[in-house]
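Me: I would like to go through this model with you, asking at each step what a term rests on. Please set every value against its definition before you conclude.

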Amino acid sequence: MADDITTGTTNDAAAPAGTGAEDTGLHNATHGVEIQLRNLTKKYPGQSRAAVQDVTMTIPAGEIVALVGPSGCGKTTTMKLINRLIEPTSGEILIGGEDARKQPADQLRRHVGYVIQQGGLFPHMTIAENVALVPKMLKWAKPRIAERVDEMLELVGLEPTQFRDRYPRQLSGGQQQRVGVARALAADPPVLLMDEPFGAVDPITRGRLQDELLHLQDELHKTIVFVTHDFDEAVKLGDRIAVLAEGSQIVQYAEPAEILARPANDFVRGFIGTGGAMKLLHVTRIADVELGAGVTAQVGDDAGTVHTRLSEADEPWAVVLDANSRPVQWATVEDLAGKQGPVSDYGTPITTTISGRADLQAGLEALLGSDTDFVPVTRRRRYIGLVSLNTVQGAIQQLREQARETAAASKDGATTALAETVATAPASKEGGA
Ligand SMILES: Nc1ncnc2c1ncn2[C@@H]1O[C@H](COP(=O)(O)OP(=O)(O)OP(=O)(O)O)[C@@H](O)[C@H]1O
């Protein structure tokens, strides 16, 4: 056991206080910067084909960009080029507008965090020593390193007193993965490279780690490049997805909804796998689609008056709202025929409502589980409209239409030509995963 090993007793010479990066509390964490790859090529010695062939792409500041592509297409090579674990054969990498090749390696490590599968932790080092790696390399003062280690462990949901002195083998896969993220964030880099970080954990832990990453990103606004074989993971995490073919060639680079609504070709379709329309529902918020308005009434309205309004509008029922505009009852034409007094005396309670913040898939589930064909949608619990099967279908059509227009507007010759070239290539085994 490592009882005697703490961050403060590692065997390095005492580092000068205050050396290294500026203070990095969470609240003032360094936000992400743009990454630009310009005509980037990497040909490994002795290989006939380049692993990365003339790749040009911009990764916007503060976004998560997911790289998806078949095994061996050059994703890891691209990541290692960005943090200069390997040198390009030609081309440029700009991080925050600065040429990565001109930055001293130290500075680059400080600017780019790297997370790999199972966290890539050093087995002979404690958790604290693993997390302290980059700050130590940057010669931070020991008390500051110790403080930062605890802060990072807390950030990723690991109690420092419980975990800092353990060794990686004494942690579960998911916990090791969290330590990997803590280590990558320790020096507060603007850029985080994550190479299949959640590939080796079970689906439930994976889902939880994905949620935690999104939660962290809400706070930290890093620029994150995320490699995955799992298209669903790319859809969930990516602000944008780049679908890559051999040589890291970009077949399609767009927001998830656009790729799902309008895959560039069969190669991309292969990655999306089955159920593309369902995935599209998953990335679309109910409040963002055209909802049915319905006829509404207030609880105190006269039943006869509401009946007249329904008859005139040729609508079968009204949504009755309380004084705070919350939907509380359905009142049908039949219920109200020949009635007087408050409409609320004749309605039936609304049992299912859904928040406009929910996605369309949740809306569809609510509809299928409800005994009505419409479900009232709320924002801050106030009524904003109705969702129905027609709404869902209309939204899918509209998303496809929008994607078609965006694609037509942004299509450049090179991408189109490439898309056509790979259109006939078989999708990878992992594509449907
Ligand atoms: N050090 C190396 N020397 C020679 N060839 C290499 C080296 N590293 C990778 N390659 C080759 O470069 C190509 C791209 O590899 P890379 O690891 O970047 O792909 P990848 O898309 O990350 O694959 P995977 O999804 O399987 O991890 C492959 O054909 C691989 O065999």
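Reply: Let us begin with the sheet: two strands pair if DSSP finds at least two bridges between them, and strands themselves (E, at least two residues), like helices (H or I, at least four), are DSSP runs numbered from the N terminus. The model is a predicted one, in which local features need pLDDT of at least 70 and side-chain atom pairs count only at pLDDT 80 or more, while totals for chains, interfaces and linings use all residues. Residues are numbered from 1 along each chain as its sequence is written, and side-chain values use heavy atoms, with hydrogens and water left out.

Me: What makes β2 and β5 the edge strands of their sheet?

Reply: Four strands form an open sheet in the order β2-β1-β4-β5, with antiparallel pairing. The edge strands are β2 and β5 (98-99), since each of them pairs on one side only. Strands of a sheet pair through backbone hydrogen bonds, either parallel or antiparallel.

Me: How do you know that β4 and β5 pair?

Reply: Strand β4 (residues 90-95) and β5 share two bridges in the antiparallel sense, and at least two bridges are what the definition asks for, so the two strands count as paired. Within this pairing, L94 has D99 of β5 as its bridge partner.

Me: Why is the contact of D99 with K102 called a salt bridge?

Reply: A salt bridge is a side-chain nitrogen of Lys or Arg within 4 Å of a carboxyl oxygen of Asp or Glu. For D99 and K102 the closest N and O atoms are 3.7 Å apart, so the pair falls within that limit. By this rule the count comes to 14 salt bridges. Side chains of opposite charge can pair when their charged atoms come close.

Me: Is D99 buried or exposed, and what of K102?

Reply: Buried means under 20% relative accessible area, exposed means over 50%, and partly exposed lies in between (1.4 Å probe, protein chains only). D99, at 16% relative accessibility, is therefore buried, whereas K102, with a relative accessible area of 68%, is exposed.

Me: Which parts of the chain does the salt bridge of R240 with E63 link?

Reply: The closest N and O atoms of R240 and E63 are 2.6 Å apart, which means that the pair meets the 4 Å rule.

Me: What makes R206 and D230 a salt bridge?

Reply: Their side chains meet at 2.7 Å, N to O, so this pair too is within 4 Å. R206 lies in helix α8 (residues 203-220) and D230 in the loop between β8 (223-228) and α9 (231-237), 24 residues apart. R206 is buried at 16% relative accessible area, and D230 is buried at 17%.

Me: Why is strand β17 called largely enclosed?

Reply: Five of the seven residues of β17 (residues 382-388) are buried, so the strand is largely enclosed by the rest of the structure. Strand β16 (residues 374-379) pairs with β17 in the antiparallel sense over six bridges, and the bridge partner of F374 in β17 is S388. Their hairpin has two residues between the strands, and R380 in it takes a positive phi near 45°.
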